[in-house]
Amino acid sequence: MLEHFHSIAFTHRHLDVNTIGQLHIESEEQPVRLAALKETMDLTELMFLSTCNRVEFLMCGSQDPSAEFLASMLSQLYPEQSEKIIQDLVQGVEVTSGRMAVEHLLKVASSIDSMVVGEREIITQVRNAFEFCRTNGLTGDLIRLIMRHTIETAKKVYTETSIATKPVSVVSLAYHRLRDMNIPLDARILIIGAGVTNNNMARFLK
């Protein structure tokens with residue numbers, strides 16, 4: 001059964017962050033669009049994770065996640081994207097299956113695969129993504145079990161290893177860089193976007 005579990009990852013390692021951003025789906029649109037994808041691609045389970053520098057699909061199904069499958073999946077979910085963008089995404093995707101997919105998920109949740117190793121936001125983002133997809137009937141028992149062990153293991157990584165001794169995040173690094181520029185305290189700052197990263201940045205600035 002585990003051999004039918006696949007991770008389809010679009011990350012900062014192989015793609016521009018702006019390109020990854022085009023794969024983001026607003027939360028209110030996700031239930032309908034992801035349910036349609038799950039049915040069209042004949043998947044038994046589907047989970048969607050979107051952060052500032054990665055978009056990942058965790059899926060269960062008997063299909064081989066070949067380049068043709070991925071191109072069809074992306075065209076179905078993002079019909080507004082050009083064929084060139086779809087092909088660029090297929091070229092930059094990271095696909096893992098079975099045990100390797102589980103190991104990849106563990107690295108993601110424990111921040112080992114993050115742009116800034118040791119940042120704590122990702123474990124919450126992974127857990128929230130799973131709960132959202134579970135609530136909307138997209139996931140089943142296999143992803144539920146995998147996610148339970150993933151979150152438990154990631155928590156141990158943060159509490160029992162030195163990765164958490166100097167916790168940092170992209171937001172905290174950006175804030176400290178901004179502070180080092182000696183910008184006046186009464187400076188007016190425009191923040192474009194209302195995602196998790198910008199909300200956290202706004203809290204730092206406040």
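Which residues line the second largest cavity? In this predicted model, the second largest cavity is lined by His6, Leu43, Met59, Cys60, Gly61, Gln63, Pro65 and Phe69. Residues are numbered from 1 along each chain as its sequence is written, and side-chain values use heavy atoms, with hydrogens and water left out. Because the model is predicted, local features need pLDDT of at least 70 and side-chain atom pairs count only at pLDDT 80 or more, whereas totals for chains, interfaces and linings use all residues.

**Overall fold**

- The protein has nine helices and four strands, where helices (H or I, at least four residues) and strands (E, at least two) are DSSP runs numbered from the N terminus.
- Read from the N terminus on, the elements run β-α-α-β-β-α-α-β-α-α-α-α-α, and the C-alpha atoms fill a box of roughly 55 × 45 × 30 Å along the principal axes.
- The radius of gyration, taken over C-alpha atoms, is compared with a globule rule of 2.2 Å times the number of residues to the power 0.38; for 206 residues a compact globule would have a value near 17 Å, and the 18 Å of the protein agrees with this.
- Of the contacts with a separation of 6 or more, 73% are accounted for by residues 24 or more positions apart, a contact being heavy atoms within 4.5 Å.

- Of the 206 residues, 42% count as buried, which stands for under 20% relative accessible area, with exposed over 50% and partly exposed in between (1.4 Å probe, protein chains only).
- Leaving aside residues up to four places away in sequence, Met47 touches residues including Phe57, Val126, Phe130, Ile143 and Met147.

**Pockets**

- On a 1 Å grid over the protein atoms alone, a cavity is a set of points where a 1.4 Å probe fits but cannot get out, a pocket is an open set with protein on both sides within 12 Å along at least five of seven lines, and lining residues have an atom within 4 Å of a point.
- The largest pocket holds about 810 Å³ of space, a volume being the space filled by probe spheres set on grid points that are joined across faces, edges and corners.
- Its lining has 25 residues, of which His24, Ser50, Thr51, Gly195 and Val196 lie nearest the centre, and H6 gives the largest share, five residues.
- This lining divides into ten nonpolar, 14 polar and one charged, where Ala, Val, Leu, Ile, Met, Phe, Trp, Tyr, Cys and Pro count as nonpolar, Asp, Glu, Lys and Arg as charged, and the others, Gly among them, as polar.
- The second largest pocket has a volume of about 320 Å³, and its lining has ten nonpolar, no polar and two charged residues, with the largest share, three residues, coming from H8.

**Cavities**

- The structure holds two cavities of 30 Å³ or more, and the largest cavity has about 150 Å³ of space.
- Among the 15 residues that line the largest cavity, Cys52, Asn53, Glu119, Gln125 and Val170 are the closest to its centre.
- The lining of the largest cavity divides into six nonpolar, six polar and three charged residues.
- The second largest cavity has about 40 Å³ of space, and its lining has five nonpolar, three polar and no charged residues.
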